[in-house]
Amino acid sequence: MAFFRGLSTVSKFRSRLAEQTTSLGSVRWLQMQSSSEQDLKSQLKELIPEQQDRLKKIKSEHGKVQLGNITTDMVIGGMRGMIGLLWETSLLDPEEGIRFRGLSIPECQKVLPAAVEGGEPLPEGLLWLLLTGKVPSKEQTSALTSELHSRCRVPDHVFNAIDALPVGAHPMTQFATGVMALQVDSEFQKAYEKGTPKSKYWEPTYEDVMNLIARLPVVAAYVYRRIFKDGKVIPSDKSLDYGANFSHMLGFDDPKMLELMRLYVTIHTDHEGGNVSAHTAHLVGSALSDPYLSFAAALNGLAGPLHGLANQEVLLWIKSVVVECGENISKDQLKDYVWKTLNSGKVVPGFGHGVLRKTDPRYTCQREFALKHLPEDPLFQLVSKLYEVVPPVLTELGKVKNPWPNVDAHSGVLLNHFGLSEARYYTVLFGVSRSIGIGSQLVWDRALGLPLERPKSVTMDWLEKHCAKSA
Ligand SMILES: CC(C)(COP(=O)(O)OP(=O)(O)OC[C@H]1O[C@@H](n2cnc3c(N)ncnc32)[C@H](O)[C@@H]1OP(=O)(O)O)[C@@H](O)C(=O)NCCC(=O)NCCS
C-alpha cells in the first residue's frame with residue numbers, strides 16, 4: 001500500500017478520503033486514480049527514484065528490526081515460513097491466497113481491462129499492474145499489446161536450436177532450450193559488457209524482459225506445433241491481444257478458449273517470491289545474469305512435479321482414474337483410488353501447498369469459469385467430486401498441512417475441454433505466464449539495486465553443536 005506514497009497533492013487529498021473507506025477499497029481506488037496516459041517505461045522511470053528512496057529509508061530506519069526466529073526445523077524443512085526475500089509484485093496470504101500489488105484475483109477480474117465486456121482480464125493489464133502498481137486504462141493496455149507485438153520477432157537460430165532436439169524431448173526441455181537460444185539477443189549482457197553503470201541496469205533489463213515476454217508465446221507455440229501438429233506453425237495475428245494470440249498460434253480459436261487463455265495466463269503470472277521458479281530467477285538474477293538466463297533457470301525448476309509439472313500430473317492422474325473406473329465413478333470408488341495412489345507412495349497431484357492453507361483462489365476462479373462455460377463436461381464433474389473426496393482423505397493421512405486443491409488441480413480439465421489435451425505440454429503454458437511476474441520483479445530487482453543473494457548454510461555437525469550449546 002505504501003507503494004503509492006509520493007503521489008501528487010491531488011492524489012494525497014484523495015487518498016485521505018479513501019482512508020475513510022475500508023483499507024481494501026482505498027487500495028483499489030488509489031490504483032485506479034493514479035494511472036496516467038504515459039507509456040509503461042516512462043511510468044517506471046517516474047516511479048523508480050521514489051521506490052529507491054523508500055527502500056533506503058526502510059534500511060536506515062528499520063534495518064535492525066527482527067522479523068522472526070529461525071528454527072532448526074526451518075533450516076531442515078526447506079525454509080518454510082522463513083522471511084528471506086524482497087518481492088514487490090505480489091504477496092501470498094496463507095488463508096486468502098494471492099494478491100497482485102494488493103489486488104485479489106476477483107478484484108483483478110473486476111478492474112483490469114478485458115477483451116470482452118465483463119470477461120476475463122487481459123494479461124497485458126496485469127503486466128502493467130505488476131510493473132507499476134497501477135491499474136492501466138484500456139488505452140494503456142492496448143498500447144502495451146501493440147508494443148509486445150512489435151517485439152515478438154524470434155530469430156531463426158532459436159527454432160534451429162529447438163529442432164536440434166529429438167521431437168520426443170519433453171516440451172519443457174524444448175521450451176527452455178528456446179529461451180536459452182533467445183539469450184543471444186540480451187540487451188543487458190551487451191550493456192554490461194559496455195560498462196553501463198549500476199544505476200542504469202534496470203533499463204536493459206526492462207528491454208530484455210519485454211522482449212522475452214513478447215517472444216515466449218511464439219517459441220512455446222512452435223514447440224507445441226512441432227511435437228503435436230506435425231510442425232505446422234501458425235503465424236502470430238497482430239489484431240489479437242496477448243492471450244488470444246497465444247491460443248491462436250497454438251491452433252485454438254474458439255472465443256471461450258481465448259477467454260480461458262486470458263484467465264490462465266493472468267492467474268499463473270506470479271505467486272510471491274519464495275516458490276521454486278520465482279526464487280530461482282531472483283537468485284540467478286542476483287548474480288547479474290540477464291533475464292533470459294534467469295528465466296531459463298526458473299523454467300527448469302518449474303519443470304519439477306512438485307511445482308509446475310503438477311498440472312501435467314493432474315490431468316494424467318484424472319485420465320488414469322477414468323481408464324480404471326470410468327467417468328461415472330462413485331465417491332466411494334474415488335476415495336479408494338485416492339488411497340491407492342497414496343499407498344503406492346505417490347502424492348495426490350493438485351492438492352496441498354507450501355504456503356496456502358485454504359482452497360487456492362486460482363482454483364476457485366477456474367471452477368467458476370467451468371461452471372459458467374462447461375458445467376456438463378464429465379472431467380469437470382470428476383474434478384468437482386475430487387474437491388469433496390480428497391481433502392478428508394489427506395486430512396485423515398495426518399501429516400498434510402493443506403488438504404485443499406491448488407491451481408493445478410483444475411487447469412488441465414479446462415484446457416482439455418477445448419481440445420488442448422496434451423498434458424505433457426501444460427507446464428509450458430505455465431512457463432509463458434510466469435515470465436510476466438518473474439520478469440516484472442527482475443526489473444525491480446535491478447532498479448532497487450538488490451544485492452547478490454547469499455544465505456548462510458550449516459552442516460549437521462554445526463547444528464548438533466549449536467543446539468547442544470543452546471540446550
Ligand atoms: C505442494 C507440496 C509440494 C507442498 O509440500 P509441503 O510444503 O512439504 O507440504 P506439507 O508440509 O503439507 O507436507 C507434509 C507431508 O504431507 C505430504 N503431502 C503434502 N501434500 C500431499 C499430497 N497432495 N498428497 C500426498 N501427500 C502430500 C508431503 O509429501 C509430506 O510428506 P512427508 O512428510 O512424508 O515428506 C505438496 O503439497 C505436494 O506434493 N502436492 C502435490 C503436488 C502439487 O500439487 N504441486 C503443485 C503445488 S502448487
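Leu-55 touches Leu-86, Leu-448 and Leu-450 when residues up to four places away in sequence are not counted; a contact here means heavy atoms within 4.5 Å. Leu-55 and Leu-448 stand 393 residues apart along the chain, yet their C-alpha atoms are separated by 7.6 Å. Leu-55 has its place in helix α3, residues 40-62. Helices are DSSP runs of H or I with at least four residues, strands are runs of E with at least two, and both are numbered from the N terminus. Leu-55 counts as partly exposed because its relative accessibility is 22%. Buried means under 20% relative accessible area, exposed means over 50%, and partly exposed lies in between, with a 1.4 Å probe and protein chains only.

The model is predicted: local features need pLDDT of at least 70, side-chain atom pairs count only at pLDDT 80 or more, and totals for chains, interfaces and linings use all residues. Residues are numbered from 1 along each chain as its sequence is written, and side-chain values use heavy atoms, with hydrogens and water left out.

Next come the aromatic rings. A pair of aromatic rings is described by the distance of the centres and the angle of the planes. Rings of Phe, Tyr and Trp (its six-membered ring) pair if their centres lie within 6.5 Å; planes under 30 degrees apart count as stacked, over 60 as edge-to-face, and the rest as tilted. The count by this rule is eleven aromatic pairs. One of them joins Tyr-224 and Phe-228, a tilted pair with 5.4 Å from centre to centre and 45° between the planes. Both residues lie in helix α11 (residues 202-228), four residues apart, about one turn of the helix. Tyr-224 is buried, at a relative accessible area of 0%, while Phe-228 counts as partly exposed at 27% relative accessibility.

In the pair of Tyr-387 and Trp-404, the ring centres are 6.5 Å apart and the planes are at 90°, so this pair is edge-to-face. Tyr-387 lies in helix α19 (residues 378-397) and Trp-404 in the loop between α19 and α20 (408-417), so the pair ties together parts that are 17 residues apart in sequence. Tyr-387 counts as partly exposed at 24% relative accessibility, and Trp-404 counts as partly exposed at 32%. Tyr-224 and Phe-228 also belong to one aromatic cluster with Phe-252 and Tyr-425.

Last is the confidence of the model. pLDDT is the predictor's confidence in each residue, from 0 to 100. The protein averages 93, and 92% of the residues score at least 70. Over residues 1-30 pLDDT stays under 50, and the model has 37 contacts beyond four places in sequence for these residues. Where pLDDT is low, the predicted coordinates should not be read in detail.
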